[in-house]
Amino acid sequence: MNNKVADVIYFNGYIYTADEHNSVVDAIAVQDGYIIASGTSDELHQYVGPETESIDLEGRMMMPGIIDGHMHPFWGGIQLFGCHLNYESLTIEQILQRVQDHLDKDPRTGENDWLKVTAWLRQGMLPAGVDMYREDMDKLKTNRPVVLFSNDCHTLLANSRALELFGITKETPEPPDGKIGKHANGELNGILEDAPAMRAADSIPSIRDEQAIEVAELVQKVLNQQGVTTVMDARVSEQQLTAFADLQKRGDLTIRFQAAREITPDETPNVAAVAAAVDKAVAFAKNWHQADWTPAPGIGLHTIKMFVDGVMQYPTMTASLLQPYRINQGTDNAPNWVETDNYGDLYFTAEILDELMEKIAAAGYDPHLHTVGEGAVSIVLDAIEKMRVTHPEKDIRPGLAHNELVHPKDYERFARLKTIACLSFQWAAPTPELADFEKNMLGEERFANLEPIAKFIDAGAVVAFGSDWPIDDFDEWYDLKVAATRRGRNINGKLAPRLDNDRDLTVTEVLRSATIDSAFAQHREEVIGSLEVGKFADMIVLDRNVFEIPADDIENVKVLRTIIGGKTVHIA
């Protein structure tokens, strides 16, 4: 006789569990936020009591909640409130008109009232190859400091008033982890790239603490609507943590919030400085980390983040490569692609990376590194290999995020070194124009390894999904569709072209990367990531069965219900 009585039973569904066997059941029972049983509806009838709620799924698909393993949710939330260029390809004149329209309606007009314009698609500006500078921004009819923040969050364009408030002049020394743009005559052109751009953006007084809670509330609502139950904020600040912690204290937190604390190159100018930088990051993490989670959403900070290189897209081209970038010295009609002397940038030396990996592992934390180019991927794997020799028994789970270009020899090293590839799947769907440009920029041989996904899995490595929102618009099911098709959106009924340099993921591989494998990357697979007895009831109900529809239709999935710790937090 069973003495457990469920609070709620979901039955008559297609319930994908993401367990070791990829089991599918038709009913699941929940008590006090935990899964207490799964199986057939008849088998679970024994858990029904007088107060049990029974919810008929009517044949719909249920699965674990999405675990987005790399994003910047607070940045994304702030963007939803402000002046936003919507990731569109625009001319300089169109950008200035959009910004001027916002300025003309904005009640804030003071010369110290910042305006940060987001989702600027610098690499997609029209006509192709055009760039924008401080003198363009100074045409705006305003005395306010105005900046454009690029969609990749690695480029910022400032007007003269903003540069003045940043304290940047043409005499400002070039930083070790990015660039301060100048014209040929030495005058500032207003462009900041990589870490200087991020530091400048961080320094802008954007919101007060009470507004931060409003952003957090909006963020978790948007996440829940698309079926996200856990996130990893890949570059967190104290204000963000405080906002989500305040929601937790009120009992209003509806997202499990993992985070990473950054260590910058400025903090580690030499090997001797590494220990103090790691100690500082660990001390910060300990203030916020909740090791033992309950069904009610909590906060975790067990990860330390580094930006090892920049971005690959033209005209920034700061991702670290093993062979140089190529540029077109001809014209569009008569192209002449030639090698440059630009290999991109590395913001940490090999010696400092070696020390960082060792010290982070010694402290028992997981390193999470931004590695876009093959040069950055390779040098970080070298450091992880040394760390594994020094700490062979420690359960350290390094994550390398993005990995847009990987040398063929390194797929196997991800698996052998137990290093997780954290990938933004949507990047495997460049436009035809961008794909052609990148093929010319990299050459045919390297292009064959652009935006890999399945190559990691085939080599035996773990792949964890991370949308990187707001680098792109927030659209989880589109991102997952790209992993299964390597195609973008169909336009005017015409099938989008396929990036045909890797195989498609199976639907099972796609779902596991966004559930149990992402939970593993976060060191939380014991309690989330699959629908198994003893785990938290973090579940979503979909309007269609992704195993039974064409892969192109995955982007159209709608989440009908999001449940976290047994509590429904979103219902369509």
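Predicted model: local features only at pLDDT ≥ 70, side-chain atom pairs only at ≥ 80, totals over all residues.

Analyst: Residues are numbered from 1 along each chain as its sequence is written, and side-chain values use heavy atoms, with hydrogens and water left out.

To begin with your question, Trp469 is buried, and so is Phe474, where buried means under 20% relative accessible area, exposed means over 50%, and partly exposed lies in between, with a 1.4 Å probe and protein chains only.

A pair of aromatic rings is described by the distance of the centres and the angle of the planes. The structure holds 13 aromatic pairs, counted when rings of Phe, Tyr and Trp (its six-membered ring) have centres within 6.5 Å, with planes under 30 degrees apart taken as stacked, over 60 as edge-to-face and the rest as tilted. One of these pairs joins Phe74 and Phe244, whose ring centres are 6.4 Å apart and whose planes meet at 70°, so the pair is edge-to-face. It links distant parts of the chain, since Phe74 belongs to helix α1 (residues 73-79) and Phe244 to helix α7 (residues 238-250), 170 residues apart; helices here are DSSP runs (H or I, at least four residues), and strands are runs of E of at least two, both numbered from the N terminus. Phe74 and Phe244 are both buried.

The rings of Trp469 and Phe474 also form an aromatic pair, and this one is tilted, with 4.9 Å from centre to centre and 40° between the planes. Elsewhere, one aromatic cluster is formed by Tyr14, Tyr16 and Phe547.

Aromatic rings can also be looked at for charges that sit over them, a term used if NZ of Lys or CZ of Arg is within 6 Å of the ring centre and within 35 degrees of the ring normal. The charged end of Arg261 sits over the ring of Phe284, at 3.8 Å from the centre of that ring. In the case of Trp293, Arg524 lies over the face of the ring, 3.7 Å from the ring centre.

Taken together, the picture includes the edge-to-face pair of Phe74 and Phe244, the tilted pair of Trp469 and Phe474, the cluster of Tyr14, Tyr16 and Phe547, and the arginines Arg261 over Phe284 and Arg524 over Trp293.
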